[in-house]
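Me: Hi! I'd like to go through this structure with you, a piece at a time. Can you put it up and start with the words I'll need for helix packing?

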Amino acid sequence: MTETTISRGNTLPRIRPWLGIAAAASFVVASVMALFWAPTDAVQGNVYRILYVHVPLAWLAYLAFVIVFLASVGWLWTKNPVFDAIAVSSAEIGVLFTGLFLVAGSIWAKPTWGVWWTWEPRLVTTAIMFVMYVGYLLLRGLSTDFSRRATRAAVFGIVAVIDVPIVHLSVLWANSLHQLPTVLRAGGAPALDSSMLLTLMVSLGAYTLIYAYFMTARVSLERARQVRLWTI
Amino acid sequence: MLEQIGARRLLLIAALGVAVLVGTVAATNLQSDAVYYMTPTEVYAKTVRTGQTIRLGGLVEVGSLTSQPAGRPGQNEFEFIITDGNAKVRVLAQGAIPGLLREGAGAVVEGSFAADATFIATQVIAKHDEVYTAPTAGATPAHRTAP
């Protein structure tokens, strides 16, 4: 491949500090809005505020795994190692976000549903998604040959993304305890008060910036590792 | 032709094909028997044995939720009727009424039928719907949970 762009210094290391500041600042704003500015819910009271953490993390986990899919396609198509770096970075962040939103959901479930966990369709498919992408990361440990590892992971990353729409649609396909989608749904506007929707969008923006910041750091680290270990 | 397409592109196409296949299989399976709960109508349609552990889901019938079940004094129980608009099941459960269990809202109960067609619940889960509204001067919100 071409000589590494890391040593010449590209745009990413320069924007990363600004990205980090933007991520931190927007996270603070989103948290203040979620905790204090957004109204309470008429049914759930204050406990619903976990929504502003749970939902953006879930959406970003979906996005992360879709990016794993795209990067996997990119590797198989072009054999450019940058795609493998993007795939593993996005998978790691996706697994982290999935674990976090599962915990947030569980914390939300106990005072509302009355249980920490139950084997209902949304939770089952999400648990499967979590385990699959942990498997993706473990699969990468099977080979030290770069090309073989990347190809194996890419094939897995392409197949595993199927669970992402399944997780989202699971509540529509089967009797479930988890409620139907509030925002990403076919009929009607988002079922949220406008101030709640605004808070949710600000939170989504904050978590997206956090994802982007993590990605720039992790991809850069992976590229440096690729150069050091495989001189590509 | 294989050399022109390239083995890696073939692998990509095969992977995409497998993905579509897996997706179709999963989608059709999720629509059929992997049932998290049955509705009262379904429970009466299928033959559910006494003592067989199942999950029942529906709406809590308005006016049916009480912490003093009829004919069972002194027990720390509460009762309500689960309905899907068509069939009804009387549910008895131990302990205090869960905080979010409301009349007119959804619930899922796990347990089994007693001989007198009362459902003895070992777990009562309150369900809430996907609508979030700010409170309006203490009035009950108009939206309700669907079963």
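Reply: Happy to! Axes are lines fitted to C-alpha atoms, for helices over the stretch in contact, and angles run from 0 to 180 degrees between N-to-C directions. Helices (H or I, at least four residues) and strands (E, at least two) are DSSP runs, numbered from the N terminus. This is a predicted model, where local features need pLDDT of at least 70, side-chain atom pairs count only at pLDDT 80 or more, and totals for chains, interfaces and linings use all residues. Residues are numbered from 1 along each chain as its sequence is written, while chains are lettered from A and ligands numbered from 1 in the order in which they are written.

Me: At what angle do helix 4 of chain A and helix 5 of chain A pack?

Reply: The angle is about 170 degrees, and their axes are 9 Å apart. That makes helix 4 of chain A roughly antiparallel to helix 5 of chain A (the word is used for angles over 145 degrees).

Me: Which residues make that contact?

Reply: Helix 4 of chain A brings A:Met132, A:Tyr133, A:Tyr136 and A:Leu139. From helix 5 of chain A come A:Arg152, A:Ala153, A:Phe156, A:Gly157 and A:Ala160. Contact here has a cut-off: the C-beta atoms of two residues, placed from the backbone, lie within 7 Å.

Me: And which residues of helix 4 of chain A are buried?

Reply: Among them are A:Pro121, A:Leu123, A:Met129, A:Tyr133 and A:Tyr136. Buried means that 20 or more other C-beta atoms lie within 10 Å of a residue's own, again placed from the backbone.

Me: New topic: which residues touch the most other members of the largest nonpolar core?

Reply: Those are A:Ala61, A:Ala64, A:Phe65, A:Val68 and A:Ala87, in a core of 68 residues. Such a core is a set of buried Ala, Val, Leu, Ile, Met, Phe, Trp, Tyr and Cys residues joined through C-beta atoms within 7 Å. Helix 2 of chain A gives the largest share, 18 residues.

Me: What does A:Phe65 contact, beyond its neighbours within four places in sequence?

Reply: A:Phe65 is in contact with A:Gly94, A:Tyr133, A:Val161 and A:Val164.

Me: How many helices and strands are in chain B?

Reply: Chain B has 3 helices and 5 strands, in the order α-α-α-β-β-β-β-β along the sequence. Of its 147 residues, 27% count as buried.

Me: How many residues does each chain put into the contact between chain A and chain B?

Reply: Chain B gives 36 residues and chain A gives 37. On the chain B side, helix 2 of chain B provides the largest share, 13 residues.

Technical notes:
A residue is buried if 20 or more other C-beta atoms lie within 10 Å of its own, exposed if 12 or fewer, and partly exposed in between; C-beta atoms are placed from the backbone. Angles under 35 degrees count as roughly parallel, over 145 as roughly antiparallel, 65 to 115 as roughly perpendicular and the rest as oblique.
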